[in-house]
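Please open the model in your viewer and keep the selection panel at hand. The stops below say what to select next and what is found there.

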Amino acid sequence: MIPKRIDIEPENDDFAGLANYIAAAKDEGEKLESFWIENCNAGDGLDDLDLAIAEVKATQALNQRTKIGKTYHLMISFRDEHPPLDVLKDIESEFAKALGYADHQRVIGTHVNTDNFHMHIAINKIHPDTLKAHTPLRDFQTLEAVSREMEMKHGLKVDLGRADKLQSERRPQRALDKEAHTWEQSFDGYVRENKAELMAALDQSSTWQDLHDGMARFSLQLQPYGNGLVIADANGKHRVKASSIDRLLSMKSLETRLGQFRPPVADRTAEQAADRQLDRSGARTNDRQPGQAGSAPQNDDLAKVFRQSESWQDLHVGLARHGLELRLQGNGLVLDPGKRGASIKASAVGRAYSKAALQKRLGAFQAPSRQAQQILATRRAAMHRAAPRGPAAWSAPGARQRFQSGPRKHYRKRPITTHPGQAKLWRRFLTLQRQRKSLLVLAFKTWKDFLIYEASTDPLAMAIVVSQRQILKAINPISLDPKRPDPAISR
């Protein structure tokens with residue numbers, strides 16, 4: 001369930017209007033199903049509404065001191081479920097009790113014939129006996145807590161609240177501990193640093209092999225682990241749970257999108273050669289006649305997108321994954337890669353993709369949806385970061401965006417700080433690390449320990465330590481007492 005307080009400005013405070021709305025369900029398509037009243041002497045049914053409203057208005061009029069609104073409006077939605085009336089009354093009662101409105105006058109109604117079955121509750125903030133106004137403090141926390149309790153009590157579907165979402169988005173504690181102790185980037189930090197481009201690769205992927213190729217650009221691989229997936233480095237030495245990076249990378253989400261999991265193909269050379277030679281229909285590119293789909297050079301992927309789209313939105317989404325926008329220009333359609341002067345006619349991909357031909361097949365032209373616009377923005381951002389600089393930065397419109405052969409980036413230990421001149425110190429640290437028999441290596445094993453040691457003689461090391469906001473404790477001698485906390489990482 002999803003509870004939501006609907007704010008009411010004091011100047012728009014109208015309990016009678018809200019109660020009548022709940023009883024009449026005036027919105028188009030809505031229909032009142034159940035209705036009841038709590039803590040009103042007028043009665044508890046729909047026939048008693050007018051008298052109950054008069055009773056509430058009289059109660060509110062007796063409090064002239066409060067400057068805030070006197071009505072609290074709560075809506076509770078149920079996703080794909082319809083609890084019975086006794087459960088709804090128990091849920092409403094528990095919310096009122098938790099908010100401090102157990103003894104307050106309330107009008108409740110449930111509405112159907114909408115996307116989600118929902119319940120409205122109109123509450124008089126003025127207590128009927130003490131006449132004191134009550135406004136719950138930080139009620140969003142109360143609403144989430146009661147939701148979890150009611151979902152568990154009545155076996156309802158769980159909708160994650162704010163606290164749950166924040167918890168699920170937190171980084172693994174082991175990664176945080178590593179970075180705090182060593183001042184070196186963890187593998188989890190490396191994956192998250194490249195998350196935008198990894199998600200762009202996912203947007204472009206139509207098969208598992210496409211996704212594996214996109215991961216390989218960063219020396220990453222997807223591996224099954226238990227009932228899910230992990231992202232590992234090329235050697236499999238470092239791993240992080242895929243769904244902790246993004247829920248779209250979970251096994252369930254990826255198999256829904258790409259089918260049953262398939263490991264990467266060991267040798268792609270022959271497959272790529274065949275892919276360049278044959279399209280999905282089996283026709284060889286060299287045998288196509290002018291004017292046929294794909295006859296334009298390097299337009300195989302675009303032709304496939306045009307050919308397989310069953311609606312305008314399918315077409316917009318497919319093109320967005322290639323960083324292209326289809327828009328009206330003059331009396332026709334153009335493909336815009338986001339670079340000034342680089343647009344081409346859609347009919348250049350094939351005459352079957354002209355405006356007239358597409359409208360005959362898909363109907364009147366429709367602008368791209370928000371989903372297509374978001375995919376396009378993500379794809380273009382990734383292309384901009386990965387694109388080379390200079391005249392050759394933009395390939396011809398419609399050219400397939402193939403992944404580069406070989407990884408573009410690797411995970412290697414590096415400092416989590418950036419400071420001018422730091423590279424010299426880092427190279428010295430790595431050199432000492434390779435000298436396994438060095439006495440200095442026995443004295444320090446991490447970048448943090450090395451900096452602390454160097455800080456006494458090297459101003460640059462001191463500056464880097466300062467940038468870590470640990471200067472007051474980090475410059476102290478390293479404690480030899482194992483029971484004493486390390487001063488460099490204590491807060």
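In what order do the 5 strands of the open sheet lie? They follow the order 1-3-5-4-2, and the pairing is antiparallel; strands here are DSSP runs of E with at least two residues, helices are runs of H or I with at least four, both numbered from the N terminus, and two strands pair if DSSP finds at least two bridges between them. Before going further, note that this is a predicted model, in which local features need pLDDT of at least 70 and side-chain atom pairs count only at pLDDT 80 or more, while totals for chains, interfaces and linings use all residues. Residues are numbered from 1 along each chain as its sequence is written, and side-chain values use heavy atoms, with hydrogens and water left out.

Select the edge strands, strand 1 (2-6) and strand 2 (31-38), each of which pairs on one side only. From one strand to the next, the twist averages 20°, with axes fitted as lines to C-alpha atoms (for helices over the stretch in contact) and angles between N-to-C directions running from 0 to 180 degrees.

Next select residues 71-78, which make up strand 3 and are joined to strand 1 by 5 bridges in the antiparallel sense. Along this pairing, Ile 2 has Ser 77 as its bridge partner, and Ile 6 stands opposite His 73. Strand 3 also pairs with strand 5, again antiparallel, over 8 bridges, and there Phe 78 has Phe 117 as its partner.

Why is strand 3 described as largely enclosed by the rest of the structure? The reason is that 8 of its 8 residues are buried, where buried means under 20% relative accessible area, exposed over 50% and partly exposed in between, with a 1.4 Å probe and protein chains only. Thr 71, His 73, Met 75 and Ser 77 lie on one side, and Tyr 72, Leu 74, Ile 76 and Phe 78 on the other.

**Helices over the sheet**

Then move to Ser 147 in helix 4 (residues 139-154), a buried residue with a relative accessible area of 0%. Leaving aside neighbours within four places in sequence, Ser 147 is in contact (heavy atoms within 4.5 Å) with Met 1, Pro 3 and Phe 95.

**Aromatic pairs**

The structure holds 13 aromatic pairs; rings of Phe, Tyr and Trp (its six-membered ring) pair if their centres lie within 6.5 Å, and planes under 30 degrees apart count as stacked, over 60 as edge-to-face and the rest as tilted. Select Phe 306 and Tyr 353, a stacked pair at 4.7 Å centre to centre with 25° between the planes. Phe 306 belongs to helix 13 (residues 300-308) and Tyr 353 to the loop between strand 11 (344-345) and helix 15 (355-362), so the pair ties together parts that are 47 residues apart in sequence. Phe 306 is buried at 0% relative accessibility, and Tyr 353 is buried at 4%.

**Where to read with caution**

Finally, colour by pLDDT, the predictor's confidence in each residue from 0 to 100. The mean for the protein is 78, and 76% of its residues reach 70 or more. Confidence is highest in helix 3, at 96, and lowest in helix 12 (residues 269-277), at a mean of 40. Over residues 267-298 pLDDT stays under 50, as it does over residues 471-491. Where pLDDT is low, the predicted coordinates should not be read in detail.
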